[in-house]
Structures are given as structure tokens and as C-alpha cells.
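Please walk me through this structure, starting with its charged pairs and ending with the chain as a whole. Plain paragraphs will do.

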Amino acid sequence: MNSQVNVDKANSETFRAMLGVEKSLAKCSIEKSLRLLIELRVSQINGCAYCIDMHWKDARAAGETEQRLYGLPAWRESPYYSERERAGLLIAEELTRVADRPLPEEVHQHAHDNFNDQELCDLAWTIAAINCWNRVNIGLRTVP
């Protein structure tokens, strides 16, 4: 049985605070195309149907190709992604799974080779934010 939680998220003070985080991230040093790929990939890992649906549509509206979106679960084997995107996707996957294993030093170093200190900070917040949204939407059984 799928028991969706009925709450008015828009009137939640915490929800509004998270929207503030999103507003800040929209102006951060990480390019929108990479943020969208990360949001979609993390949502795929976490199994958040609501966020997968939303971020797929957002990515398409922003000009992302179907080929890159369909290839995203296999980004390591796909030739469609830049080295910077690969570094961002790698650290996004590792930070999403950090409860299962520590962040390997070589992953952090690879990210540092492709992002400056400010970008690494913004990248970490981007990854943290989408993981938070995934958990809230899964927990509330938000329907796409």
C-alpha cells in the first residue's frame, strides 16, 4: 500500500529554508548543466521517483540531450561526459554512499584536480542538498 503523507510542504519553515539553499546554489560556481546531472544521478542512486522525474525534465528544458541523460547511469563507460563532469559525478556518487564507506582520498584528489576550493564547497552543498530532497520526498512518498 502506498500511503503518501499529506502535508503542506510549501508552508513548512524548513521547506522554505531548503528553497533558500536552492536559490543560493542556483548562483554558485558549479555550472547548471553539471548541477542538473548530479541531481539526476544522485536521485537515481537513491531511487527518488519524484526527483528523477523533476530533474530529467529540468535537464531537458535546459538543453541536455536524451543521449547523455539515458547514458547517465553508465557515465563511466559512456563517452558523452567531460573530465570535469566525470569528477563531479564520481564525488557525487561517493558522497551519496558515504554511510557505507569513507570517501576515498583518490576521489577527493580527483575532484580537487578538476575543481577549485570554492567549487568543491559548492559541489558538496549541491550533493548534500539533493540527498536531503531525495530523503524528504521518499519519506513523504511524494508522487511525481
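Arg 60 counts as partly exposed because its relative accessibility is 36%, where partly exposed is the range between buried, under 20% relative accessible area, and exposed, over 50%, with a 1.4 Å probe and protein chains only. Glu 66 is also partly exposed, at 30%. The side chains of Arg 60 and Glu 66 meet in a salt bridge with an N to O distance of 2.6 Å; a salt bridge here is a side-chain nitrogen of Lys or Arg within 4 Å of a carboxyl oxygen of Asp or Glu. By this rule the count comes to ten salt bridges.

The model is a predicted one, in which local features need pLDDT of at least 70 and side-chain atom pairs count only at pLDDT 80 or more, while totals for chains, interfaces and linings use all residues. Residues are numbered from 1 along each chain as its sequence is written, and side-chain values use heavy atoms, with hydrogens and water left out.

Arg 68 takes part in two of the salt bridges described here. One is with Glu 64, where the closest N and O atoms are 2.4 Å apart, and both residues are buried. The other is with Glu 85, at 2.7 Å between the closest N and O atoms. Arg 68 lies in helix 4 (residues 66-71) and Glu 85 in helix 5 (residues 83-96), so this pair ties together parts that are 17 residues apart in sequence. Helices (H or I, at least four residues) and strands (E, at least two) are DSSP runs, numbered from the N terminus. Glu 85 is buried, as Arg 68 is.

Glu 64 itself sits in the loop between helix 3 and helix 4. Its relative accessible area is 9%, which is why Glu 64 counts as buried. The side chains of Glu 64 and Arg 68 are also joined by a polar contact of 2.4 Å. A polar contact is a pair of N or O atoms within 3.5 Å; within protein, one must be able to donate a hydrogen and the other to accept it, and residues adjacent in sequence count only if both atoms are side-chain atoms. With neighbours within four places in sequence left aside, Glu 64 is in contact (heavy atoms within 4.5 Å) with Leu 37, Ala 59 and Leu 69.

A further group of charged residues, Arg 41, Arg 76, Glu 93 and Arg 97, is linked in a network of salt bridges. Within this group, Arg 97 is found in the loop between helix 5 and helix 6. Arg 97 is partly exposed, with a relative accessible area of 26%. Its C-alpha atom is separated by 15 Å from that of Cys 48, a residue 49 positions away along the chain.

Next comes a buried polar residue. Asn 131 belongs to helix 7 (residues 117-139) and has a relative accessible area of 8%, so it is buried. Its side chain makes a polar contact of 2.9 Å with the side chain of Asn 46. Leaving aside neighbours within four places in sequence, Asn 131 is in contact with Val 42, Asn 46 and Thr 96.

Where do the nonpolar residues gather? The largest nonpolar core has 31 residues, and those with the most contacts inside it are Ile 38, Phe 115 and Leu 123. Such a core is a set of buried Ala, Val, Leu, Ile, Met, Phe, Trp, Tyr and Cys residues joined through side-chain atoms within 4.5 Å. Two or more residues of this core come from each of helix 1 (13-26), helix 2 (32-46), helix 3 (49-61), helix 5, helix 6 (105-114) and helix 7. Apart from neighbours within four places in sequence, Leu 123 is in contact with Ile 30, Ile 38, Gly 88, Ile 91 and Phe 115. In soluble globular proteins, nonpolar side chains tend to be buried together.

The chain as a whole has seven helices and zero strands. For 144 residues, a compact globule would have a radius of gyration near 15 Å, and the chain agrees because its value is 15 Å; the radius is taken over C-alpha atoms, and the globule rule is 2.2 Å times the number of residues to the power 0.38. The C-alpha trace spans about 45 × 30 × 30 Å along its principal axes. Of the 144 residues, 37% count as buried.
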